[in-house]
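I open this notebook to record what I looked up in the structure, entry by entry. The model is shown first, and my notes follow.

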Amino acid sequence: MSDPVLLYTSPGCPDCAAVRRYLEEHHVAYEERDVTTPSVAAEAKSRYGVRVAPITVIAGEALWGTFAHQKPRLDELLAKI
């Protein structure tokens with residue numbers, strides 16, 4: 001995979017921790033950005049239309065919502081890399 005996974009998180013977010021743990025268990029490298037930083041929140045909003053956490057970006061596709069909501073699509077996308 002040429003582009004790293006991008007993960008927007010916030011401190012203390014249990015779903016963010018679950019996505020991080022999932023990526024680590026699957027040996028997927030990722031770049032993490034904290035949406036509590038105003039410039040990062042603005043970036044997430046302008047790029048993906050939301051500034052919630054977690055937002056997981058894989059191969060240009062952005063997923064957001066709870067880990068349970070993201071997991072089926074995470075499984076699909078990671079199977080392709």
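**Entry 1: a pair within one helix.** I began with helix α3, where Arg73 and Glu76 are three residues apart and therefore separated by about one helical turn. I take helices (H or I, at least four residues) and strands (E, at least two) as DSSP runs, numbered from the N terminus. The side chains of Arg73 and Glu76 meet in a salt bridge, 2.5 Å from N to O. By salt bridge I mean a side-chain nitrogen of Lys or Arg within 4 Å of a carboxyl oxygen of Asp or Glu. Glu76 counts as partly exposed, at 42% relative accessibility. For these classes I use relative accessible area: buried is under 20%, exposed is over 50%, and partly exposed lies in between (1.4 Å probe, protein chains only).

**Basis of the notes.** The model is predicted, so I note that local features need pLDDT of at least 70 and side-chain atom pairs count only at pLDDT 80 or more, while totals for chains, interfaces and linings use all residues. Residues are numbered from 1 along each chain as its sequence is written, and side-chain values use heavy atoms, with hydrogens and water left out.

**Entry 2: other salt bridges.** How many salt bridges does the structure hold? I find seven.

I then turned to Arg33, which forms a salt bridge with Glu43, the closest N and O atoms being 2.3 Å apart. Here too distant parts of the chain are linked, since Arg33 belongs to strand β2 (residues 30-34) and Glu43 to helix α2 (residues 38-48), 10 residues apart. Glu43 is partly exposed, at a relative accessible area of 21%.

**Entry 3: nonpolar cores.** Which residues touch the most other members of the largest nonpolar core? In this core of 13 residues, they are Tyr22, Leu23, Ile58, Phe67, Leu74 and Leu78. I use nonpolar core for a set of buried Ala, Val, Leu, Ile, Met, Phe, Trp, Tyr and Cys residues joined through side-chain atoms within 4.5 Å. At least two residues of this core come from each of β1 (5-9), α1 (14-25) and α3 (67-79). Apart from it I find another core, of nine residues, including Ala44, Tyr48, Val50 and Ile55.

Leaving aside neighbours within four places in sequence, Tyr22 is in contact with Phe67, Lys71, Leu74, Asp75 and Leu78.

**Entry 4: backbone features in loops.** Where is the cis peptide bond? I locate this bond from Ala53 to Pro54, with omega near 0°. Pro54 is placed in the loop between α2 and β3 (55-58).

I noted His27 for a positive phi of about 55°, although this residue is not a glycine. His27 is situated in the loop between α1 and β2, and its 73% relative accessibility makes it exposed. Ala59, likewise not a glycine, has a positive phi of about 50°. The loop between β3 and β4 holds Ala59, which counts as exposed at 60% relative accessibility.

Definitions and conventions: Contact means heavy atoms within 4.5 Å.
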